[in-house]
Amino acid sequence: MYRLHFLRSFWVVLLTIWTFVSWGQDSLLNTQPLPLADTPKLSKYRLELLDGKPAFIADKQEGLAVLSINGGDSLLYFEQGRAVWEPAVGGAGQLYLLENKQGELQMVHLSTRADGSWRLKPIRLWWSVLPPLVAIGLALVFREVLLSLFVGVWVGAFIAAGLRIDSLYYLMISVFDVLTNYVLRALNDSGHLSIIIFSLLIGGMVAIISRNGGMTGVVNYLSRYARSEKSAQFVTWFLGVAIFFDDYANTLIVGNTMRPVTDRFKISREKLAYLVDSTAAPVAAVAFITTWIGAELGYIDDGIKLLTDFPADLTPYGIFIESLKYAFYPVLTLVFMLIIIYSGREFGPMLAAERRARAKGHGEVVQEEKGGHGEVEDLSPVPNIRIRAYNAIVPVALVIGMTIFGLLDTGLDTVYQSLLEIDKAPAYYSWGTIWAAMGSLWEGENASFVLKLGKVIGAADSYTALLYASLSGVIAAVVLTLAGGIMQLERTMSTLVMGIKTMIPALMILTLAWSLALTTEELHTAKFLTYALKDSINPYVLPPIVFVLAAMISFSTGSSWSTMAILYPIAIPITWAVSQANGIDSVHAFELLFNVIATVLGASVLGDHCSPISDTTILSSLASGCNHIEHVRTQLPYALVVGVLSLLSGMAATLMGGGWMVCLPLLIVSTLLLWLLVRWIGKPIASEQ
């Protein structure tokens, strides 16, 4: 008996010693919640090879310490100021971002050589911005997007692989990694695949409704209202605002529908792409019920959870609504387009594009001259058929309706799951019963219709909704074509395939843009940009600092959503902490917080508009039939003009105390300044240079 007790005790002691020693042998021991809540965070250190092994050196550190490695807290065991680090790395090695107690960043690449020795390569943080800058620079210089994006991804892959210039093998492997790693990972994403399928099906639907005469019927109908260049552009703007619930659906529907109308009035494809792109994201970003609202509320909620002494009655949705008065860029962008349309004046590259289109047509010839893919497929109506607008109106309306249906269906299903978790789910599953039971989510308070609808749309799966919509549109287009005897089944399906083929070039660009975004994520580009400007903090300069930072991150990554995801959890706590530290009263502290929240949103959309690697910018070029680089070149000056004025308006709102009584006059003054600017530097399209 005593012998058995002794053996058990022996094994317990041995296991304890082995666990303790293993902590000292592996630095990446645990990324789970730390077993010791009071474990100190590592401050100053050096990372170097010690006896051939990577080790952290901190002369005054003993015992356990915490260091942030790739965003997760990891335990290190120091003995005599040394902590050996031997993480598990593959043949190509691994890139690590280290962050100490003071928030200082260091990026290193660790790998092992064939002889088993370690290779430690420090990676300068500013190199993380090289991949997007290379891609953007090459695209703007050579106007060849595919090759530019491929080179940008390759540069990112080469840096992430440890900059092995001395090895021809790893140099070649980094080229192959563009496909085997980044492109495949970009495609192995359900959201990305949903967008691809949605785009392909919309392309097929557009081809069918073009061949069955439906699109021509819509053009003839819209021509009643589009009697001139101005009215055609206004109709485009109006449709872009009307389809507010999703930017992807907005872009593809408005671009494809209005292209024949704007072509008829010799409006350039660049101008159409600008109208499509600059209505899609701004209206989707600020509308109360959109596919953006769920992500925006989630990001805001993540930031609010980090605050102390924050009123519990302020919900993320309420904060979002309050922040809209500071959303200068989205609102001024929509206003600026109306000014441009009404004045009939343009400036910059857009002026040249519009004059060229008036003289030579909408730009198909120019597109081929610039290296675009051109329009090689015949999408004209089948000869000798009766033109009926409903052949196009029904499928397009079904796309819009099914998108809304999909948002409601998936959103209510998610809400139902939330009700199950708190034992408040209705006994019978239906939209009505779920809607009635939703008050339980606000602890029995009388939730308004808008609050409930916002919760449903915010919880919806927008990608599933888009798939519902696109498939329904294709089915409707095929049925109407066959039922009308316009084309036989075989010809209808070949037209569907032809429409899908027209989407392939732009989707290749989109896939490479996603791949480039993966490299910026792997290289922690956004983290570096945030770190570079983190010390420039003052309560009254916070909005402009956040504006510039958000615009830079969005431009470099091509994603407004990822920018918001990164900045909201950083900007919201900083704003609140700085306000309290400087003794700002609660009213002005809230207004400053609302201003910063809206600033992140607006600047993210600005950077997205300016970036040639943005998915919505690419989709706008695709839907409008415009050369992608020409779209970026012509839109960039307009976006920057509105962006600078929005930056100044946000600064003025902060200095003047904020609130509706400040923001509304600033919005009116900004509108007048935009009008004067267009009258001053803009030139009529008809006049000669």
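Cavity lining and helix packing

Me: What is the volume of the second largest cavity?
Reply: The second largest cavity has a volume of about 60 Å³, a volume being the space filled by probe spheres set on grid points joined across faces, edges and corners. The model is predicted: local features need pLDDT of at least 70 and side-chain atom pairs pLDDT 80 or more, while totals for chains, interfaces and linings use all residues. Residues are numbered from 1 along each chain as its sequence is written, and side-chain values use heavy atoms, without hydrogens and water.

Me: What makes a space a cavity, and how many of 30 Å³ or more are there?
Reply: A cavity is a set of points, on a 1 Å grid over the protein atoms alone, where a 1.4 Å probe fits but cannot get out. The structure holds seven such cavities of 30 Å³ or more.

Me: Which residues line the second largest cavity?
Reply: Lining residues have an atom within 4 Å of a point, and here they are Y326, F328, Y329, F547, N595, A598, T599, G602, S646 and G650. Two or more of them come from each of α12 (328–343), α23 (586–610) and α25 (628–655), where helices are DSSP runs (H or I, at least four residues) numbered from the N terminus. α23 gives the most, with four residues.

Me: How does this lining divide by class?
Reply: It has five nonpolar, five polar and no charged residues. Ala, Val, Leu, Ile, Met, Phe, Trp, Tyr, Cys and Pro count as nonpolar, Asp, Glu, Lys and Arg as charged, and the others, Gly among them, as polar.

Me: Why is α23 called roughly antiparallel to α25?
Reply: The two helices pack at an angle of about 170 degrees, with their axes 9 Å apart. Axes are lines fitted to C-alpha atoms over the stretch in contact, and angles run from 0 to 180 degrees between N-to-C directions. Angles over 145 degrees count as roughly antiparallel, so α23 is roughly antiparallel to α25. The residues of this contact divide into eight nonpolar, six polar and no charged.

Me: Why is α9 called oblique to α13?
Reply: The axes of α9 and α13 (residues 349–360) come within 8 Å and cross at roughly 130 degrees. Angles under 35 degrees are roughly parallel and 65 to 115 roughly perpendicular, with the rest oblique, so α9 is oblique to α13. In contact (heavy atoms within 4.5 Å) are E270, K271 and Y274 of α9 and M350, A353, E354 and R356 of α13. By class, that contact has three nonpolar, no polar and four charged residues.

Me: What is the angle between α9 and α12?
Reply: α9 (residues 269–286) and α12 pack at about 150 degrees, with their axes 8 Å apart, so this pair is roughly antiparallel.

Terms used
1 Å grid on protein atoms, 1.4 Å probe; cavity = no way out; pocket = protein on both sides within 12 Å on 5 of 7 lines; lining within 4 Å.
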